[in-house]
Amino acid sequence: MTDTGEFVVAEDEGLQGSRLTARALVGALTVVVGAVVASLTIGPVDIAPLRVLAELIDRIPGVHLDSGLSTTHAAIVNEIRLPRVVLGLLVGATLSVTGAAYQGAFRNPLADPYLLGIAAGAGLGATIAITSDVGDGAGMLDPIPIVAFAGALVAVVISYAAGHLGGRTTVSLVLAGVAVASFLTAAQTYVLQSNTDVIREVYSWILGRIATSGWSEVALMLPYFVVTCVVVMLYGRALDVLAVGDEEAAALGLNPRRIRTTVVVVSSLGAAAAVAVAGLIGFVGIIVPHTVRLAFGTSHRVLLPLCILLGGAFMVLADLAARTVLEPAELPIGVVTAFLGAPFFVLVLRSSRREVW
Amino acid sequence: MTTTITARDVGVTLGDHVVLDGLSIDIASGEWINVIGPNGAGKTTLLRAILGGVGFTGKIEIDGVDTVAHDTMRRARAIAYVPQVPVIPPGMTVIDYLLLGRTPHRGVFSGDSRHDREVVRRVLDRLDLVGFKSRAVRSLSGGERQRVVLGRALVQESSILLLDEPTTALDLGHQQDVLDLVDELRRESGLTVVATLHDLTLAARYGDRIAVMSQGIIAESGPPAQVLTEELIRHHFNANVRVLDDGDGPVIVPVAAKRQPPDTRSSAPRGSSTESSRASSQPSGS
């Protein structure tokens, strides 16, 4: 992530509009691979980066490469570190791309994936799951992400319905989201106060963590990640047109409300899934899109794919810091994203001459 | 000349305020009509109704087809709109901004074709914007920016151009530049131009016809010299002016209050004799 400053946006050749240049794409992919290898390498047991890379390449179907790792080390890479890294990629990518999509759909630089009460809904769901101690037995699927996901979806549905009653404008939708979030947060606090013994557990969920037990979280997250990314990227050009405001977008032949609804609903699904598996990781949905805008410009056709790649890499690196800084203890990842992200963003802001909002 | 826009008995109510109150007008293909009127007369609302941006009663036809039957893409291919205060997205380059104008032709799920880029190239050349193509629209001066916004409307390749106060933010020289440009483009490609203008002298210099809006209807309509009389301006704008003729059309000169004869202003209170103006509201073009 830190080397984004090295890429310079290529001048439009002739009359091409903004598009993702091969250079930016290769650069972002390099950052992703670097973050993944670093994260698989570093930990309580240090494993040589080249061997990790060989092990990764060996996993590609049809390719056989002997990494030379011992069985134990191979298991650490494949069974412990890899699921966590993949989940980090998916969560970071989803939060970043949905943040960018929300900001474009609402034309508001402060819109984040939690705008419509997703965080509060998921928080309430998780709190209920933790306090009621459901399905804590071994071998069962962890119920917390599933109940949190349901809570997030309920929050979005209520926000949408309430915003609809309020005149179907963007502002009424956002205000409804604020009201729903406050209500659900109050409900969560009430549940928590009645069960003070689980405050610590709920608190650690709220601060977010990328922790995995095998591949089940990845399996839960993957379909939402794919759908969200595909649909949102498909609407990149529509979001670019929406940037001129609803009236002018309509004069250019679009139906702004329909586009906004599609993008917001799909993004909410993705963000709800991310929150369900990783807790409330703040900041990523705002900071990654803005950094990409400052470095590469505001066109959604460039912004959205780069948010997917660099958001994933950012989350993997943040998780690496979260589990190594206070080793063997783990920092909540929300703390790390803010600690790393805020100063980095100020640097980008300072060095950029671009006007993005 | 054939009629391209026909509005019949159009009514628009915003909240509980009746903005358009049974307005009718015919606009000929290739015509330039300037819509004038006091603040709040409904000029912008008329443009938005033609554009389908506001719900209305009555009927508006474009080339004989009811606009309600148009889907939005088809309407956007027929009508281009330059709003009074265009929203310029931060960071957007001139090229990207102009390419937005191709949206009605290619939708939002496919990329720009060679033809799309060719249209943009022609507009860049025509409006002398080639040197600006990679600049951010927001970084341009007021006059350059207005050319770019006009450029996006031209890239739409529609036959009707709606201009809402296209000269508001411009100094006199740039006002002339923009209106001269519109006039040339109209002559080159047979555009129909519907513009709202506040400056009555400019409205008289450019275009074929002036329509005066008052109380939600077209109160007067005709050639500038016929419509822009001292009495009509006093009546509709509650303004005390002298109308001169420099041989090229009417020139409207405001008369300062201290020079007024004592009782001219009070003789024509705003909104008086609405009934008589409504009686003469039939458009001359019909």
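This is a predicted model: local features need pLDDT of at least 70, side-chain atom pairs count only at pLDDT 80 or more; totals for chains, interfaces and linings use all residues.
Figure 1. B:Met213 stands opposite B:Ile218 of S10(B).

**Figure 2. Open four-stranded sheet of chain B.** The strand order is S2-S1-S4-S5, with antiparallel pairing. Strand S4 (residues 57–62) of chain B is connected to S5(B) by two bridges, and the pair runs antiparallel. B:Glu61 stands opposite B:Asp66 in S5(B). Helix H1 (residues 43–51) of chain B packs on the sheet, where it touches strand S1 (3–14), S2 and S4 of chain B. The direction of H1(B) makes about 65° with that of S2(B).

**Figure 3. Packing of helices H6 and H7 in chain B.** Two packed helices are described by the angle between their axes and the distance between the axes. For helix H6 (residues 142–155) and helix H7 (residues 172–189) of chain B, the axes come within 10 Å and cross at roughly 20°. Because angles under 35 degrees count as roughly parallel, H6(B) is roughly parallel to H7(B). Their crossing is right-handed. On the H6(B) side the contact comprises B:Gly142, B:Gly143, B:Gln146, B:Leu150 and B:Leu154, which meet B:His174, B:Asp177, B:Val178 and B:Leu185 of H7(B). By class, the residues of this contact divide into four nonpolar, four polar and one charged.

**Figure 4. Side of chain B that touches chain A.** In this interface, 29 residues of chain B are in contact with 27 residues of chain A. Helix H2 (72–78), helix H3 (94–100), helix H4 (103–106) and helix H5 (114–126) of chain B each supply at least two residues of the side that touches chain A. The most is given by H3(B), with four residues. The side of chain B that touches chain A has 18 nonpolar, six polar and five charged residues.

**Figure 5. Positive phi values at B:Asp128 and B:Glu165.** B:Asp128, a residue other than glycine, has a positive phi near 55°. B:Asp128 lies in the loop between H5 and H6 of chain B. This residue counts as exposed because it has 11 C-beta neighbours inside 10 Å. For B:Glu165, also a residue other than glycine, phi is positive and near 50°. B:Glu165 is located in the loop between strand S7 (160–164) and H7 of chain B. With 18 C-beta neighbours inside 10 Å, B:Glu165 counts as partly exposed.

**Figure 6. Cis peptide bond in chain A.** The peptide bond from A:Glu327 to A:Pro328 is cis, with omega near 5°. A:Pro328 lies in the loop between helix H13 (300–324) and helix H14 (333–351) of chain A.

**Figure 7. Overall composition of chain B.** Chain B contains 11 helices and 12 strands. Of its 286 residues, 44% are buried. Among contacts in chain B with a separation of 6 or more, 68% are between residues 24 or more positions apart.

Note on methods:
Residues are numbered from 1 along each chain as its sequence is written. Chains are lettered from A and ligands numbered from 1 in the order in which they are written. Axes are lines fitted to C-alpha atoms, for helices over the stretch in contact, and angles run from 0 to 180 degrees between N-to-C directions. Angles under 35 degrees count as roughly parallel, over 145 as roughly antiparallel, 65 to 115 as roughly perpendicular and the rest as oblique. A crossing is left-handed if the near helix is turned anticlockwise from the far one by less than a right angle, and right-handed if clockwise. Two residues are in contact if their C-beta atoms, placed from the backbone, lie within 7 Å. Ala, Val, Leu, Ile, Met, Phe, Trp, Tyr, Cys and Pro count as nonpolar, Asp, Glu, Lys and Arg as charged, and the others, Gly among them, as polar. A residue is buried if 20 or more other C-beta atoms lie within 10 Å of its own, exposed if 12 or fewer, and partly exposed in between; C-beta atoms are placed from the backbone. Two strands pair if DSSP finds at least two bridges between them.
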